[in-house]
Amino acid sequence: MKLKTCKQCKVKFEPSRPLQMVCSPKCGYDYVKTTKQKQQKEFAIVERKYNEEKKITAALLNTKTQVHAYVRKRDEGKPCISCNKPHEKTFEAGHHYSANSFLTLKFNLDNIHGQCLYCNRHLESNFDNYALRLPERIGKESYDKLVKLAGIDKQFQKVWNLENL
């Protein structure tokens with residue numbers, strides 16, 4: 001057989017088996033030990049990243065719940081922003097610019113208003129009617145600013161982290 005280099009001590013040796021990677025039982029033991037340590041370190045890194053992502057996901061959900069509750073309370077008694085239907089308990093916090101497409105506007109209070117379930121879910125926010133009534137609710141200046149922010153949003157990637165939630 002052809003000489004191989006030991007994976008642990010890097011010494012050339014003649015293997016007694018075709019798949020042999022180390023030159024001696026001591027090197028074999030050390031190789032397994034160092035390999036296991038590397039795997040444990042890699043696992044710890046992956047686990048840490050996973051836990052951080054879980055915290056961010058939980059914080060996003062908590063922020064969303066609080067903002068939507070605030071909007072429903074703020075708009076209590078006001079009609080649906082899209083169809084002008086009188087207020088109901090089933091009203092949701094509807095976004096003018098989609099929360100999934102415009103991440104920087106996800107929690108912008110000028111972008112979120114009380115909306116009936118039908119307009120929000122079945123008519124996908126009923127965008128055109130929402131746009132007609134929104135300047136009346138927030139004012140022309142705030143509406144123009146929101147439209148400008150929506151245009152800027154598409155130029156940048158928003159990454160939510162614990163600091164900005």
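**Exercise 1.** Which residue just after α3 takes a positive phi?

*Solution.* Just past the end of α3, look at G139: its phi is positive, about 95°. A note before going on: this is a predicted model, where local features need pLDDT of at least 70, side-chain atom pairs count only at pLDDT 80 or more, and totals for chains, interfaces and linings use all residues. Residues are numbered from 1 along each chain as its sequence is written, and side-chain values use heavy atoms, with hydrogens and water left out.

**Exercise 2.** Work out which residues of α3 are buried and how they are arranged.

*Solution.* Step one: find the helix, a DSSP run of H or I with at least four residues, numbered from the N terminus. Helix α3 covers residues 127-138. Step two: pick out the buried residues (under 20% relative accessible area, 1.4 Å probe, protein chains only). They are Y130, A131, L134 and I138. Step three: look down the axis of α3; the buried residues fall within an arc of 100° (taken from the directions from the helix axis to the C-beta atoms), so they line one face. Step four: turn to the other side of α3, where D128, L132 and E136 are exposed, meaning over 50%.

**Exercise 3.** Describe the surroundings of H113.

*Solution.* Start with its place: H113 lies in strand β4. Next, H113 is buried, with a relative accessible area of 3%. Then list contacts (heavy atoms within 4.5 Å): leaving out residues up to four places away in sequence, H113 touches several residues, including Y130, L134 and I138.

Technical notes: Helix = DSSP H or I, 4+ residues; strand = E, 2+ residues; numbered from the N terminus. Expected span 1.5 Å × (residues − 1).
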